[in-house]
Amino acid sequence: MALYLLSMHQPEGGSPEPEFLARVMRDVGELRDELTAAGSWVFGQGLHGPQTATVLRPRDGDVLVTDGPFAEGKEYLGGVTIIDVPDLDAALHWGRRYALATTLPIEVRPFRAAAGD
């Protein structure tokens with residue numbers, strides 16, 4: 001089994017209509033239930049908007065603390081899910097399902113193996 005990160009990228013702007021959001025949350029909940037039943041669920045959670053971010057940058061032996069996102073953009077990281085699946089094909093299967101459920105772009109990336117694995 002291998003760990004994969006499913007990153008959900010949201011467009012900047014207002015929140016979706018309550019009815020739409022309720023459907024998305026229901027569908028994502030069903031996906032989580034399926035992943036749990038398959039023994040592949042590890043972790044998942046939505047994030048607050050980028051305006052709540054704090055960035056820490058090393059500078060001249062100190063750390064500079066600034067408000068706001070690391071990078072400006074029209075999309076931001078809105079949530080993550082970590083799954084434990086046999087291979088990339090299985091991760092892409094779940095990524096497609098999340099893309100359809102959320103209507104958002106989903107980035108699928110494998111974690112590096114830990115040293116000694």
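**Notes on the predicted model**

1. Let me start with a loop: threonine 103 sits between helix 2 and strand 6 (106-110). Please keep in mind that the model is predicted. Threonine 103 is not a glycine, and yet its phi is positive, at about 60°. As background, most residues other than glycine have a negative phi.

2. A second residue of this kind is worth a look on your screen. Aspartate 60 has a positive phi of about 50°, although it is not a glycine either. Its place is the loop between strand 3 (54-59) and strand 4 (62-67). Is aspartate 60 buried or exposed? Aspartate 60 is exposed, because its relative accessible area is 79% and the cut-off for exposed is over 50%.

3. Now for the overall layout. The protein has two helices and six strands, and along the sequence they follow the pattern β-α-β-β-β-β-α-β. The C-alpha trace spans about 50 × 50 × 20 Å along its principal axes. Among the contacts with a separation of 6 or more, 77% are between residues 24 or more positions apart.

4. Helix 1 covers residues 18-37, which makes 20 residues. At 1.5 Å a residue this helix should span 28 Å, and its end C-alpha atoms are 28 Å apart, so the two values agree. After helix 1 comes glycine 39, with a positive phi near 75°.

5. Which residues of helix 1 are buried? They are Val24, Asp27, Val28, Leu31 and Leu35. Viewed down the axis of helix 1, these buried residues fall within an arc of 100°, so they line one face of the helix.

6. What covers its buried residues includes strand 2 (41-46), strand 5 (75-85) and helix 2 (88-102). On the face turned away from the buried side you will find the exposed residues Pro18, Glu19, Met25, Asp33 and Ala37.

7. Finally, some totals for the protein. Of its 117 residues, 29% count as buried. The accessible surface comes to about 8200 Å², and 56% of this belongs to carbon and sulfur atoms. As for charge, there are 10 positive and 17 negative side chains, with the centres of the two sets 3 Å apart.

Conventions. Residues are numbered from 1 along each chain as its sequence is written. This is a predicted model: local features need pLDDT of at least 70, side-chain atom pairs count only at pLDDT 80 or more; totals for chains, interfaces and linings use all residues. Side-chain values use heavy atoms; hydrogens and water are left out. Helices (H or I, at least four residues) and strands (E, at least two) are DSSP runs, numbered from the N terminus. The expected span of a helix is 1.5 Å times one less than its number of residues. Buried means under 20% relative accessible area, exposed over 50%, partly exposed in between (1.4 Å probe, protein chains only). The arc is that of the directions from the helix axis to the C-beta atoms. Contact means heavy atoms within 4.5 Å. Accessible areas come from the Shrake-Rupley method with a 1.4 Å probe; for residues, only the protein chains shown count as cover. Lys and Arg count as positive and Asp and Glu as negative; His and the chain ends are not counted. The place of a charge is taken as NZ of Lys, CZ of Arg, CG of Asp or CD of Glu.
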